[in-house]
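Trainee: I would like to work through this model by question and answer. Can we begin once it is on screen?

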Amino acid sequence: MIDHLPVLLIAVPILSALLILLAGWYDRRFCYPISLITILLQFGAAIAILLEVMREGTIRYHLGGWAPPLGIELVIDSFNGFILAVILFLSAATVVYARRSVEKEIDPEKRISFYVLFQLLVTGLVGMTITGDIFNLYVFLEISSIATYTLIASARRPRSYVASFNYLVLGSIAAGFILLGIGNLYVATGTLNMADLALLLPASYGLATVHTAFLFLLIGFSIKVAFFPLHLWLPDAYTEAPSAVTVLISTVMAKVSVYALFRIVFTVFTTAYVIDTFAVTGFILFIATVAIIAGAVLAIAQNDLKRMLAYSSISQIGYIMFALGVANQLALEGGLLHILGHAVMKGCLFMVAGLIIYRMGTSQLSDLKGVAKTMPISCAAFALAGASMIGIPPTIGFMSKYYLVLGAFEAGQWIYAAVLLVGSLLAAGYIWRFIEIAYFGDHHSEDRRPAPAREGPVSMLVPMVALALLCLFLGVFVEVVMEAVRPAAMLLLGGA
Amino acid sequence: MIEAFYELFLSRYNYWMAIILMLIGLYALIAKQNLVKKLIGLNIFQTAIFLFYISFAEVQGGTAPIYLPEGVDALYVNPLPHVLILTAIVVGVSVTAVGLSLIVRIYEEYGVIDEDDLMQVVRGR
Amino acid sequence: MRENVVIRTVSRLAVPFIQVFALYVIVHGALGAGGGFQGGVAFASSFILMIVAFGLASVRKRLSNKWIVVYSVLGITIYAGIGLLCLFMGGNYLEYGVIEAILGIPHLHGYLLDAVEIGIGITVMAVMTSILCDMADKGGESS
Amino acid sequence: MKVKALLAVLFIGIILFWTVEDMPAFGDPQAPATQYTGKLYVESVLPDIGIDNIVTAILASYRGFDTLGEVVVIFTAGISVTLLLRRGGRL
């Protein structure tokens, strides 16, 4: 059965989503356990696959027994094996966290659909990660997008409908561009398989069709990852979504979109293309630095905790795109490490924000004065993950930025390396703002006492604290992670 | 001159048609204030992309990709884009359905389907 | 809505033909132009006609929400289930050729494609009807 | 807003217009897509699967996984509309 794990990773969760619907129709309480079990099984399978890949090399699975280019294949190599393990770990953490948060935020009769869509979203993202066919990527992208549009609006708050609709419009433009790019690639080469495309494309690197395909795929996925000037959907969507959904889309979905972009830039097109033939890396590097600064500055200007973290995501996506722009071994190691690190720490921070909303009913910074007295564990977790966000050693955030800076030095981009440090300082600015309010803000000076709050339920605290500690442990034992990251970065650059 | 014109425009008129439709759709999607009109723009945009796919599947003198009886010598058009577009159409329908239901909810909550008015109402609350 | 004899009579006549045609399109997928999606949508369109002519309640009576859920789940289960069946028969996922080889029935591959198309048709029909009913439903009296 | 939209559309339009000259002509039998997978599918459906409709064969067999994804997409849309619009009832 181990041979068939890649496809079971998608087929079983689809059936399980159906089971959630049927079981939920019978009794609503069945939904959550089925969802939890499925995602834990997926996580176990992902770990098994990752170990298999690190031992045996790339796994290729031909669906229907048809070899590409006729059929679709699933490809798991050291790069997406790593991403797969990361996203399923975070999905598992989120689903543990989701239970109480959903009970609070989602209407009882909507919970069945919520868990079905939650499951389908995770499945779609897993599909995007392991597919080796570029059109199949589009199909799974759409499964996850449609699930996301609805999940954002699933708390049925008026503003969330508007946020969701804006995301739907931009997301559909992005999907349209991606479809157009795929079409152009198909016209130029006649195949849809990624490995096949990588073989056939160099012959037609000079064609305008290929350049256009690249541009459209780049713009499309940039909208999906909320790369700086195309980020307009992100703050509203992250702020208005229910807490559990925010955690899932800010960690898992954002990372999978970044993965897809990396996959297309480095595997379908190669470094040779993006550096020599159609030199965009310098431009991406420039925009990435602008994103880092602008995202952080905008984050400092916010008055709402969730919105602040959302803008911080834009800044952090800049770091990952920075790695794409530098495109050498060290920087890519840093970028991949940051994919993991940012997922862990942003997941933790959004979990804290969700917990504060769960207890206090608000995430306005002005209402959170002295919250550390009533919710000490949450605020400690926030401080730890925030330290990682700033990049204080020995956290994972420090390690990833360290590798990014090393990579930038190696490429001779001194100025850009300096921008990374400025970004860290700005991150300190917005993280410190919350810390100051939570620990040193005195709520007695206000006439209006905040709602009496206490620490959240255990099922929400455990994943949050685990992620916070993970920020620290991953930084200390970074060599273990590098075992997986190094071959992945080498693979992206075209090595074995 | 005429040859260049033929090369660029007449022999590739299908792409021009698709592109013009695409741009019309994109413009409507971005510039129109009415949310329903935005979705109509989205549909035009998507349909133009479908048209683009289907038109590059065409082969001069080809017939639909269904085998003719044995012995008949036939040239078939490229079947793959048809398959892809069948998938993409369904995706388009799904997105439209979700978008329309969001518009229904927005209209129920705020009583407007005009983007500028909507922004005013949302800020006002 | 005011009752209109012409619309009702014509719809009553047309609906069965639309549905038979939809079934024809679904099962004709392997031989000629046709397939699950087209047929499923055509089938759902017969329900639109019923909503327009007889109102939402008449459709609800024939296809309640429970059955919509059952049908939409059934369709995907047929598809994904055939895929898993291939897996258990020792092939890859969706490798219909394995079933044909093991059972030794000629042209089974084509019949399995038909079965898959029927699965697609059922799901598309159910989901399209569900979307239409939800959109047409104003009062929230659904069961 | 109108001006911004026009600029964005112009930008996309210029990229698209730039492509056209390198596209194969309409109905060109020598186009890479037609020569490579197009031909391959037309030649292999009859011996491999033995049904007449090439599109259905590709849809359900060669690229069956895409189609599974597509059915899931429409299922997702159905659940989404139910979640967003339906009041009362079990879902």
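Mentor: First a definition: two residues are in contact if their C-beta atoms, placed from the backbone, lie within 7 Å. The model is predicted: local features need pLDDT of at least 70, side-chain atom pairs count only at pLDDT 80 or more, and totals for chains, interfaces and linings use all residues. Residues are numbered from 1 along each chain as its sequence is written, while chains are lettered from A and ligands numbered from 1 in the order in which they are written.

Trainee: Among contacts in chain A between residues at least 6 apart in sequence, what share joins residues at least 24 apart?

Mentor: Take contacts in chain A between residues at least 6 apart in sequence. Those that join residues at least 24 apart make up 79%.

Trainee: Why is chain A as compact as a globular protein of its length?

Mentor: Chain A has 20 helices and 2 strands. Helices (H or I, at least four residues) and strands (E, at least two) are DSSP runs, numbered from the N terminus. The globule rule is 2.2 Å times the number of residues to the power 0.38, and the radius of gyration is taken over C-alpha atoms. For 496 residues the rule gives 23 Å, so chain A is as compact as a globular protein of that length, with a close radius of gyration of 22 Å.

Trainee: What percentage of chain A is buried?

Mentor: A residue is buried if 20 or more other C-beta atoms lie within 10 Å of its own, exposed if 12 or fewer, and partly exposed in between; C-beta atoms are placed from the backbone. Of the 496 residues in chain A, the buried share is 67%.

Trainee: In β2(A), which residue is the bridge partner of Arg60(A)?

Mentor: Strands β1 (residues 59–62) and β2 of chain A run antiparallel, joined by 4 bridges. Two strands pair if DSSP finds at least two bridges between them. Glu73(A) and Val75(A) point one way from β2(A), Leu74(A) and Ile76(A) the other, and all are buried. The partner of Arg60(A) is Val75(A).

Trainee: Which element gives the largest share of the side of chain D that touches chain A?

Mentor: Here 35 residues of chain D are in contact with 40 residues of chain A. Elements giving two or more residues to chain D's side are α1 (2–20), α2 (32–48), α3 (54–62) and α4 (64–85). The largest share, 14 residues, comes from α4(D).

Trainee: And which element gives the largest share of the side of chain B that touches chain D?

Mentor: 39 residues of chain B are in contact with 41 residues of chain D. On chain B's side, α2 (13–31), α3 (35–57) and α4 (80–110) each give two or more residues. The largest share, 14 residues, is from α4(B).
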